[in-house]
Amino acid sequence: MVRDKWKDKVWYTILAPDMFDNVEVGETPADDPEKVIGRVLETTLGDVLDDITKHHIKVFFRIYDVEGTTAYSKFEGHRLMRDYVRSLVRRGTSRIDGVIDVVTKDGYKVRVAGLAFTTRRAKTSQQRAIRKEMFKVIEENAKECDFDEFIRRCLSISEEESIPEQIKEVGRKIYPIRQAEIRKTEVLEEPNGLPPYEAVGDRATPELASY
């Protein structure tokens with residue numbers, strides 16, 4: 001007789017991190033709670049916040065603890081959907097990308113990919129100047145914010161001014177900026193100096209996507 005392995009599995013409810021008020025974001029089955037730890041849930045920020053204007057943002061949560069049938073997760077990173085980014089491209093304009101590693105006030109090392117689009121084609125020197133200001137804005141926010149607030153500003157869900165809006169404002173002083181975004185974030189190290197996956201059992205971290 002073939003044993004039905006699904007009968008031995010329990011469904012665990014996954015909660016979002018504190019920065020998202022621990023709302024339920026999904027479920028995952030397992031026959032052992034230890035097998036749940038380290039799993040990564042991919043969803044959209046729109047589903048997490050119940051906000052249709054945020055469905056173009058993918059977020060990744062890694063489970064780090066289980067109590068009963070409740071699984072607790074950490075923010076692992078985000079990225080904008082490719083279709084959304086493609087929709088922002090216009091002929092005769094410039095796309096300015098930049099990737100920088102920063103450390104938040106409470107010691108999280110985060111890789112951040114900024115993105116800006118000009119209203120018309122900008123000179124190479126202007127693009128470099130805008131990228132420099134983009135990095136400056138991201139670094140300054142990281143230094144003054146703890147991890148949760150920094151991520152909220154990257155995702156434009158903070159009560160404070162969002163980082164994309166700040167980039168847009170400083171960039172306009174160099175050349176007209178049509179739109180700015182934080183295209184992607186990825187947590188590289190937690191305050192203990194270890195990568196997030198080592199902090200939850202030495203499990204391999206899947207690539208969120210190449211920069």
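Modeller: A salt bridge here is a side-chain nitrogen of Lys or Arg within 4 Å of a carboxyl oxygen of Asp or Glu. The structure under discussion is a predicted model.

Colleague: How far apart are the closest N and O atoms of Glu149 and Arg153?

Modeller: Glu149 and Arg153 lie four residues apart in helix H4 (residues 147-154), and are therefore separated by about one helical turn. Both residues are buried. Their side chains form a salt bridge, and the closest N and O atoms are 2.9 Å apart.

Colleague: Is Arg183, the partner of Asp97 in a salt bridge, buried or exposed?

Modeller: The salt bridge between Arg183 and Asp97 has an N to O distance of 3.6 Å. The pair connects distant parts of the chain, with Arg183 in strand S8 (residues 177-189) and Asp97 in strand S6 (residues 95-103), 86 residues apart. Asp97 is partly exposed, at 28% relative accessibility. Arg183 has a relative accessible area of 13%, and because buried means under 20%, Arg183 is buried.

Colleague: How are helices H3 and H5 oriented to each other?

Modeller: Helix H3 (residues 124-144) packs with helix H5 (residues 163-172) at an angle of about 140 degrees, their axes being 9 Å apart. H3 passes H5 in a right-handed crossing. Angles over 145 degrees count as roughly antiparallel and 65 to 115 as roughly perpendicular, so the two helices, H3 and H5, are oblique.

Technical notes. Residues are numbered from 1 along each chain as its sequence is written. This is a predicted model: local features need pLDDT of at least 70, side-chain atom pairs count only at pLDDT 80 or more; totals for chains, interfaces and linings use all residues. Side-chain values use heavy atoms; hydrogens and water are left out. Axes are lines fitted to C-alpha atoms, for helices over the stretch in contact, and angles run from 0 to 180 degrees between N-to-C directions. Angles under 35 degrees count as roughly parallel, over 145 as roughly antiparallel, 65 to 115 as roughly perpendicular and the rest as oblique. A crossing is left-handed if the near helix is turned anticlockwise from the far one by less than a right angle, and right-handed if clockwise. Buried means under 20% relative accessible area, exposed over 50%, partly exposed in between (1.4 Å probe, protein chains only).
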